[in-house]
Amino acid sequence: GVLYLMEHEEEYVFTLPSAYARSILTIPWVELGGKVNISCARTGYSATVTFHTKPFYGGKVHRVTAEVKHNPTNTIVCKAQGEWNGMLEFTYSNGETKVIDTTKLPVIRKKIRPIAKQGPLESRHLWQHVTNSLK
């Protein structure tokens with residue numbers, strides 16, 4: 001995927017985690033797992049985010065760890081750990097730490113081009129008839 005932050009003129013290229021269907025015979029739920037890579041050529045920063053799957057016995061769900069790196073200097077500037085849908089703790093290279101509760105962050109709606117201006121293989125354009133039928 002590509003995320004463009006207009007106010008900063010930064011373009012982030014990223015991979016996506018895998019999604020696993022769990023407990024399909026009882027109460028089903030989806031779990032994210034695997035590594036995600038994020039990079040911005042303009043700033044020289046990159047990140048590796050690991051979505052940890054729950055062990056068979058014990059352990060927590062939705063755990064994530066991450067590392068942010070400044071590639072030109074090969075410096076790790078930040079590490080993060082916690083739950084992607086809950087509390088995340090960030091530790092910076094200067095020793096400072098911050099905790100963010102993701103459940104209290106504001107929801108910002110996506111800006112999406114009108115379907116008429118989308119390419120033929122863009123998801124919303126490609127699936128528009130299926131979406132309309134489901135609605």
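These exercises walk through pockets, a core and selected residues of one predicted model.

Residues are numbered from 1 along each chain as its sequence is written, and side-chain values use heavy atoms, with hydrogens and water left out. In this predicted model, local features need pLDDT of at least 70 and side-chain atom pairs count only at pLDDT 80 or more, while totals for chains, interfaces and linings use all residues.

**Exercise 1. The largest pocket**

Task: Find how much space lies in the largest pocket, and which elements give two or more residues to its lining.

Solution: 
- Step 1. Start with the term. On a 1 Å grid over the protein atoms alone, a pocket is an open set of points where a 1.4 Å probe fits, with protein on both sides within 12 Å along at least five of seven lines. Lining residues have an atom within 4 Å of a point.
- Step 2. Take the volume, the space filled by probe spheres set on the points, which are joined across faces, edges and corners. The largest pocket holds about 1,200 Å³.
- Step 3. Look at the lining. It has 28 residues, and Val 2, Leu 3, Tyr 4, Leu 5 and Phe 14 are the closest to the pocket centre.
- Step 4. Name the elements. Strands S1 (2–5), S2 (10–14), S4 (29–40), S5 (45–52) and S6 (63–70) each give two or more residues. Strands here are DSSP runs (E, at least two residues), helices are runs of H or I (at least four), and both are numbered from the N terminus.
- Step 5. Find the main contributor. S5 gives the most, with five residues.
- Step 6. Sort by class. The lining has 17 nonpolar, five polar and six charged residues. Ala, Val, Leu, Ile, Met, Phe, Trp, Tyr, Cys and Pro count as nonpolar, Asp, Glu, Lys and Arg as charged, and the others, Gly among them, as polar.

**Exercise 2. The second largest pocket**

Solution: 
- Step 1. The second largest pocket holds about 190 Å³.
- Step 2. By class, that is one nonpolar, two polar and four charged residues.
- Step 3. Ile 112 sits in the loop between strand S9 (97–101) and helix H1 (123–126). Gln 118 lies in the loop between S9 and H1 too.
- Step 4. Compare exposure. Buried means under 20% relative accessible area, exposed over 50%, partly exposed in between (1.4 Å probe, protein chains only). Ile 112 is partly exposed because its relative accessibility is 41%. Gln 118 has 9%, so it counts as buried.
- Step 5. Check contacts (heavy atoms within 4.5 Å). Leaving out residues up to four places away in sequence, Ile 112 touches Gln 118 and Arg 124. By that rule, Gln 118 touches Ile 112, Arg 113, Arg 124 and His 125.
- Step 6. The Gln 118 side chain reaches the backbone nitrogen of His 125 at 3.2 Å.

**Exercise 3. The largest nonpolar core**

Task: Name the residues of the largest nonpolar core and the elements that give two or more of them.

Solution: 
- Step 1. A nonpolar core is a set of buried Ala, Val, Leu, Ile, Met, Phe, Trp, Tyr and Cys residues joined through side-chain atoms within 4.5 Å.
- Step 2. The eight members are Val 36, Val 49, Phe 51, Val 64, Cys 78, Ala 80, Leu 88 and Phe 90.
- Step 3. S5, strand S7 (75–83) and strand S8 (87–92) each give two or more residues to this core.
- Step 4. Zoom in on Cys 78. Beyond four places in sequence, its contacts include Phe 90 and Val 68.

**Exercise 4. Ser 46**

Task: Is Ser 46 buried or exposed, and which side chain does it join?

Solution: 
- Step 1. Ser 46 is in strand S5.
- Step 2. Its relative accessible area is 17%, so Ser 46 is buried.
- Step 3. A polar contact of 3.2 Å joins its side chain to that of Asn 71. Such a contact is a pair of N or O atoms within 3.5 Å; within protein, one must be able to donate a hydrogen and the other to accept it, and residues adjacent in sequence count only if both atoms are side-chain atoms.

**Exercise 5. Positive phi**

Task: What is the phi of Glu 9, and what is that of His 62?

Solution: 
- Step 1. Most residues other than glycine have a negative phi.
- Step 2. Glu 9 has a positive phi of about 55 degrees. Glu 9 is in the loop between S1 and S2.
- Step 3. His 62 has a positive phi of about 65 degrees. His 62 is in the loop between S5 and S6.
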